[in-house]
Amino acid sequence: MIKGKKGVSFAVGILLVVIVVTVYSFYAAASLSQKRTGELTAPINLLNAQAESKEALFYLEDSGKMAVYQASFEFLRDVPTQGSCDKLSSGEVLFDGDCKLAPPDVLEKEFLAKFQEKFSPYMVAYESTFKTMPGQSVPASSGFSTVITKQSKDNFEFDVKEKELVAVAKEKVTYAIPPATYNVDFSFDTPLLFSFEELEKIYQDSKNAVKSCKSYGDVELCVESKLSSDDFIFSAKKQGASILVITASTKEKVFFSDSGDKFGRLSFGYTFSI
């Protein structure tokens, strides 16, 4: 009887060992499968993140370009001045007396404010495609979409270097792709249509040209012949007997909005007494 009980106990013990070994084998196989799955999907997720980051950077660069065009249009329509300035009924500033163009640093500051105003709506309009890509297991919240929906002033520091607007991202965006991470710097730069030093030069050259051409019979032609620029073309026209209106138009044609979408040159007019 005792031997029978020992045999039963031994059999139960063997059964328990078999169960434990079987469970462990299944667990090990599942863990290995999960690890291998992660190893297989990680490269796919990385490619998805790279595709998303390239799309987002293209969106930023294109948005920056359009914001520069619109900001330039509004900036040139009312270029900052200093002193006591009058305007003609048609809107051109009369550079007379102590009225003069604001210095380049002030012009730059005013332009950057307009640029950020135009750039911000593009930021909040962006929709990430990362969450829709097949084969990815990373939540979209860990990707670029969490950063792009904030205000632009919180994401970038803007500066002007010669004829480029430079947007420096304050921090990199991190895609969590187990077992690693993918960091992206979304800094970008956008060409400007003109430099602010160029505007200062145009003002000074125009002032000198008007002064030297006053005694000429064809003052308009005389002034036009003395003005040149890498970024602008000029035309001069008398208004009455004592006012000369000079119009500077960008050589490059761009898209902008003025009571509707338009494509053409941007211009600003200014006047001197003759």
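A disulfide here is a pair of cysteine sulfur atoms within 2.5 Å. This is a predicted model, in which local features need pLDDT of at least 70 and side-chain atom pairs count only at pLDDT 80 or more, while totals for chains, interfaces and linings use all residues. Residues are numbered from 1 along each chain as its sequence is written, and side-chain values use heavy atoms, leaving out hydrogens and water.

**View 1. Disulfide pattern of the protein chain.** Let's start with the overview: the structure holds two disulfides. With bonded cysteines counted along the chain, the pattern is 1-2, 3-4.

**View 2. The disulfide between C85 and C99.** Here the two sulfur atoms are 2.0 Å apart. The torsion about the S-S bond of C85 and C99 is about 100 degrees, so this disulfide is right-handed. C85 lies in the loop between β1 (81-82) and β2 (86-87), and C99 in the loop between β3 (93-94) and β4 (100-101), so the pair ties together parts that are 14 residues apart in sequence. Strands are DSSP runs (E, at least two residues), numbered from the N terminus.

**View 3. Accessibility of C85 and C99.** Buried means under 20% relative accessible area, exposed over 50%, and partly exposed in between (1.4 Å probe, protein chains only). C85 counts as partly exposed at 25% relative accessibility, whereas C99, at 3%, counts as buried.

**View 4. The disulfide between C213 and C222.** For this pair, the S to S distance is 1.9 Å. The torsion about the S-S bond of C213 and C222 is about -70 degrees, so the disulfide is left-handed. C213 is buried, with a relative accessible area of 0%, and C222 also counts as buried, at 9% relative accessibility.

Terms used:
Helices (H or I, at least four residues) and strands (E, at least two) are DSSP runs, numbered from the N terminus.
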